[in-house]
Structure formats: structure tokens, C-alpha cells
Amino acid sequence: MRQGLGSKLGIGWRLHGDGGTPQPGEAVAPDERLSWGRTIGLGAQHVVAMFGATFVFPVLMGLDPNLAIMVSGVATILFLLIVQGKIPSYLGSSASFVGAVTVIRAGGGDSSAVTGAILVCALVLGAVGLIVHFAGTAAIHRMLPPAVSGAVVMLIGFNLAPVVAETYWPQDQWVALITMVIVLAASVLLSGFWGRIAVFLGLAGGYALSWAFDVAFGPITAPDADGNVSTHPRLDLSGVADAPWFGLPQFHAPSFDLAAIIVVLPAVIALIAENTGHVKAVEQMTGSELDGSLGRAIFADGFASALSSAVGGPPTTTYAENIGVMAATRVYSTAAYWVAAIVAIAFGLCPKFGAVIAATPGGVLGGITVVLYGMIGLLGAKIWVANRVDFADPVNLLPLAAGLVTGIGGVSLQITPSFEFSGIALGTVVTLIGHHLLRMSMARRS
């Protein structure tokens with residue numbers, strides 16, 4: 001009875017061969033594992049792979065990175081249980097909300113309003129997952145064809161360009177530039193696993209470089225994150241000494257603001273596209289048929305994000321970085337993800353570790369975000385290319401063109417004196433409704 005329950009939840013693993021290194025050409029299935037020593041080592045690789053983005057995105061959203069690390073572990077465990085161990089994935093902090101959160105904070109919204117909006121968005125995502133699970137994947141493909149989902153992902157990424165130019169890069173342009181070069185060089189020149197963690201290497205390199213510049217050249221006179229110019233050290237570790245080694249991260253309750261919710265809701269489309277793409281990638285690697293598990297995966301992501309935002313954490317999503325680790329190692333064992341999740345929870349219970357993360361210099365974030373935000377935008381183009389979207393068709397070309405310029409350029413509609421519809425939200429509406437209205441009009445004419 002107990003063994004059957006464990007197998008149903010995906011937490012019973014058969015030993016692959018003798019538990020040693022797989023033979024060339026062999027793959028370790030999700031329900032298999034290597035020896036526990038090797039599995040722990042693989043789990044550590046997954047921690048390193050997810051780490052950079054999982055703490056960067058909460059920092060960019062003004063949320064507690066320590067809490068983000070901890071809830072990523074909890075979210076991963078929940079995800080693996082809900083998908084019954086069929087989809088090996090790690091759930092880290094999502095980048096899809098950064099632009100919307102920037103808009104909310106620029107309008108005076110605080111962290112509780114941010115997490116409240118994310119919570120509503122997560123519940124919508126979970127509901128979509130249930131619909132997909134019971135109605136099948138065809139419904140979601142009809143509502144969000146590749147032309148639309150690709151455009152929304154693209155405008156989410158490129159809408160963030162002003163944040164790089166106006167907030168992070170000016171804090172230390174030279175550290176930002178060198179950090180960017182480290183990320184680009186590592187991703188191209190390093191092979192295998194090391195190339196997959198180029199962002200993490202850029203973070204570590206930029207962090208060390210900021211300390212070295214402080215020692216060699218002294219404090220910098222530059223704007224801080226709020227735009228106030230002052231003379232200050234690039235790397236300020238004063239908060240690290242006072243932070244305890246063990247303790248809970250900072251929790252807070254969400255609050256709900258309609259304007260903030262509307263700004264965040266388009267991220268649902270990006271998360272659906274992201275989850276679908278990642279499930280398809282895992283399907284190709286493992287050779288398993290996972291179409292029937294897509295609804296579970298989307299629901300699990302929504303459920304985990306709702307739980308995270310309910311306690312003050314960021315939204316979560318499945319991570320391509322960890323899928324890359326699996327591609328490099330051909331080890332798809334979910335046991336390694338359980339190890340990674342447990343390690344992340346332990347890290348989250350160390351405030352001193354969180355203080356080190358929070359001290360990341362603005363210039364370093366500038367060098368990282370100029371790459372990351374561009375990558376998010378280009379994922380939209382990747383969706384178009386992979387699905388061979390036909391831009392000779394005006395139904396695709398015109399609403400997408402209008403929606404992208406609306407969203408990326410920050411075009412706005414003043415609905416009431418206190419409510420403005422703009423940016424990502426307005427661009428998504430123009431793209432989605434414009435595409436379907438034109439498609440229906442063309443169908444009636446023919």
C-alpha cells in the first residue's frame with residue numbers, strides 16, 4: 001500500500017544499473033536514480049543552475065530573495081507531487097512579472113499590493129491548468145496561438161529595457177559593462193554545465209569586481225536605485241555582519257488593488273507559453289508522452305505561485321536552466337530535484353546568506369539584466385520561429401505590430417483620473433483581441 005502511494009506520487013525511485021555513472025548513450029529516467037552520493041551531487045548542480053535567476057528576479061521586484069530561495073524549494077516539491085514525478089523540473093522565481101511589478105511600484109504600489117496582484121494571477125493560472133487538464137490542450141492552443149503568445153512574451157521582455165537604462169546601468173556603468181561581458185563570454189566560450197550557469201558566473205564575477213574596485217579606487221559617486229546621487233561604496237556588506245545565521249525570512253500578507261491586478265494579468269499568457277515549452281522540451285529529452293500532464297504542470301505552477309505570494313514571495317515558474325542541466329547530463333531523475341529543493345529550503349533559513357544576496361551592487365544587476373531582459377524578449381521570437389508563424393498573413397502581422405509598439409513603448413489609455421491602462425497590459429489586450437477579431441472577420445468574409 002505504502003509503496004503504491006509512493007509510486008503514484010513519484011517519490012519511489014528504481015536504482016539505475018549499479019548506481020554508478022551511466023554508460024555512453026544511456027539516460028536515467030525520471031523514476032530512476034543513481035547512488036545517493038551521485039544524486040546529491042546532481043542536486044547541487046541544479047541548485048547552482050537555478051540560483052542566479054531565482055534570487056535576481058525577487059531583488060528586481062523589491063521582494064525578499066531569502067524567502068524566494070526557500071519557497072522555490074517548497075514550490076518544486078509541490079510541483080513534483082502534483083505531476084506525479086512525470087515532469088522533472090525546478091520551480092524558481094519567474095521573470096515574467098518584473099515589468100508589471102516595476103509599473104506597480106512606479107505608481108506607488110508597495111510589496112503587499114505586488115504580491116496580492118501576483119496571487120490573483122497565480123489563481124487564474126491554476127484555473128487555466130484545470131481547464132487544460134479536463135478539456136484537453138486544444139482549447140489553450142485556440143485561445144493562445146503561437147503568434148499571440150510569442151508577441152506577449154516578447155513585449156514582457158523588451159518592456160523592461162528602460163529599467164536597465166534608467167535604474168541599474170547608471171549605478172556603475174563600468175562594472176555593468178564588464179559583468180555583461182562575463183555573461184556573454186561564459187555562455188559562448190564555456191561548454192557543458194559551466195556555459196549553462198553563465199548568469200551565475202556573471203553575478204559572482206561582478207560581485208568580486210565591485211569589491212576590487214572599492215579597494216583600488218575607493219567609493220563611487222553615482223545614483224542609487226532611487227536615482228539619488230551620492231558617494232558610496234559599490235559593495236556594502238554592513239548588513240551581513242548583523243544578520244543571524246539561522247532564522248525565518250520576512251513574510252508579509254498580500255493586499256489587493258484592481259489596477260495592480262490588471263497590470264499583472266498578461267503574465268498568465270507568458271507563463272502558459274513558458275510551461276508548455278518546458279514540458280515539450282522535457283518530453284523530447286525523456287521520450288515520454290507528456291501531453292496529458294500539461295494541465296497538471298500549469299496548475300502546479302499556479303498553485304505554487306499562489307502559495308508563495310500568499311506569504312510575501314515571488315511567483316514561480318519551471319526553469320530552462322535546470323532543463324539545460326538535464327540535457328547536458330542525460331540524468332532526468334526527480335530524486336535530484338528533491339535534493340535541490342531541500343537544499344534551497346535550508347538556504348532560505350539562513351538570513352546571513354540572504355543579506356549577502358541583498359548586497360548585490362546595482363552595477364552588477366545592470367550587467368545581468370541587460371542580457372536577461374533581452375533573452376526574455378527573444379523567447380517570443382523563438383516561439384514564432386519554432387511554430388513558423390506566417391507574417392505575410394495580416395491577421396498575424398497587424399495586431400502583433402500594434403500590440404508590440406503599444407506594450408514596449410508604454411502607450412497608455414487614461415480610463416479614469418485614477419486609473420491608467422498602459423504598457424504590457426494594454427499591449428496584450430491589443431494583440432490578443434486584435435488577432436481574434438481579425439481572424440473571425442476574415443473567416444466570415446470567406
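Colleague: What is the protein divided into, and where do the bounds come from?

Modeller: The protein splits into domain 1 (33-160 + 238-361) and domain 2 (390-445), with bounds from an automatic or database domain assignment. This is a predicted model, in which local features need pLDDT of at least 70 and side-chain atom pairs count only at pLDDT 80 or more, while totals for chains, interfaces and linings use all residues. Residues are numbered from 1 along each chain as its sequence is written, and side-chain values use heavy atoms, with hydrogens and water left out.

Colleague: What makes S89 buried?

Modeller: Buried means under 20% relative accessible area (exposed is over 50%, partly exposed in between, with a 1.4 Å probe and protein chains only). S89 has a relative accessible area of 2%, so S89 is buried. You will find S89 in the loop between α3 (65-82) and β3 (91-93); helices (H or I, at least four residues) and strands (E, at least two) are DSSP runs, numbered from the N terminus.

Colleague: Which residues is S89 in contact with, leaving aside neighbours within four places in sequence?

Modeller: They are T76, F79, L80, V282, T318 and Y337. Contact means heavy atoms within 4.5 Å.

Colleague: How do you know that helix α18 is mostly covered?

Modeller: Count the buried residues: six of the eight in α18 (residues 351-358). Those are P351, K352, F353, G354, A355 and I357.

Colleague: Nice! What makes a set of residues a nonpolar core?

Modeller: The members are buried Ala, Val, Leu, Ile, Met, Phe, Trp, Tyr and Cys residues, joined through side-chain atoms within 4.5 Å. The largest such core here has 100 residues, and F57, F97 and Y373 touch the most other members. At least three residues come from each of domain 1 and domain 2. Another core, of five residues, lies apart from it, and L34, L42, V331 and A336 are among its members.

Colleague: How much area do domain 1 and domain 2 bury between them?

Modeller: About 1,500 Å², with 82% of it on carbon and sulfur atoms. Buried area is the accessible area (1.4 Å probe) that two parts lose on being put together, summed over both. On the domain 1 side, V148, L155 and N159 supply 32% of the area buried against domain 2, more than any other three residues.

Colleague: How many salt bridges do you count between the two domains?

Modeller: Zero between domain 1 and domain 2. A salt bridge needs a side-chain nitrogen of Lys or Arg within 4 Å of a carboxyl oxygen of Asp or Glu.
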